[in-house]
Amino acid sequence: MGTVESSAKRKCKRPAVISEAGQTDVWTDTAGPHEMAEFKVQMAKHPQQSPLRPPSENSKERSMKRLSSESNGTSEGGAGSATPVELTALEESFRRFAIHGDTRATGKDLHGKNWSKLCKDCGVIDGKSITLTDVDIVFTKVKNKSCRTITFDQFKEALAELARKRYKDKTGEEAAEEVFKLVEGKSPIISGVTRAVASPTVSRLTDTTKFTGSHKERFDESGRGKGKAGRVELVDKSGYVSGYKHAGSYEKKIKSPQKPM
């Protein structure tokens, strides 16, 4: 009987024991009188501890939280790490202009130079009701005093401010929607290589046939530069008199061709 009773006690499930750090030990399938007494002491030390649950229920709860976060379009992580899966067309344009010309930009804030470019490329500046000066004034108004950039919310506020000035016959929301449509889906316009414009003044200054004096000697008849020979007067040190046209013909004159034997 004693053997049966002791084996029955060993098969009892022992509840998890709370450590001093507030962590719980793993549930086991064996428990004796000593373990039960220790469990009662630990429960007396922590009377306000919440009811304990086996690890299987904790893992199930974590999986449910992960599924709910994925269904809401957010990623589980630290504070502030939840990011939307899809961006709106307005926010996408904001990020394109925010990273334009700056490889280290994160796309979360927009500085004044790219803000002005956005208003130019998207047609927000019409030259009448909205000018470049108005754009700079609104940027200074909406940004924080200690910052040089604006966030996406401040960006929308700035567009709404310009919209009220451009569409005076519409309400604030309608005017803002009109300006948002001008910006949505747009990207920075990259200008091409600057080309020289042909003009009579430039062509006259670059025409080598009209050069005079020492400048004329620097180019040949085709207009190609002669290099050092056109800039420096080289002295002929061959021993011949200048202007002599038969230089190097002496050997040919004194030596007659040998006759075959």
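View 1. Asp134 is buried, at a relative accessible area of 14% (buried means under 20%, exposed over 50%, and partly exposed in between, with a 1.4 Å probe and protein chains only). This is a predicted model, in which local features need pLDDT of at least 70 and side-chain atom pairs count only at pLDDT 80 or more, while totals for chains, interfaces and linings use all residues. Residues are numbered from 1 along each chain as its sequence is written, and side-chain values use heavy atoms, without hydrogens and water. The side chain of Asp134 meets that of Lys165 in a salt bridge of 2.9 Å, N to O (a side-chain nitrogen of Lys or Arg within 4 Å of a carboxyl oxygen of Asp or Glu). Because Lys165 belongs to helix H7 (residues 152-166) and Asp134 to helix H6 (residues 132-142), the pair ties together parts 31 residues apart in sequence. Helices are DSSP runs of H or I with at least four residues, numbered from the N terminus. Lys165 is partly exposed, at 35% relative accessibility.

**View 2. The salt bridge between Lys141 and Glu161.** These side chains meet at 3.2 Å, N to O. Lys141 lies in helix H6 and Glu161 in helix H7, so the contact ties together parts 20 residues apart in sequence. Lys141 is exposed at 59% relative accessibility, whereas Glu161 is partly exposed at 25%. Salt bridges with shared partners join Lys141, Glu161 and Arg164 into one network.

**View 3. The salt bridge between Asp121 and Lys117.** The two side chains meet at 3.1 Å, N to O. Both residues lie in helix H5 (residues 112-121), 4 residues apart, about one turn of the helix. Asp121 is partly exposed, with 22% relative accessibility.

Key: Helix = DSSP H or I, 4+ residues; strand = E, 2+ residues; numbered from the N terminus.
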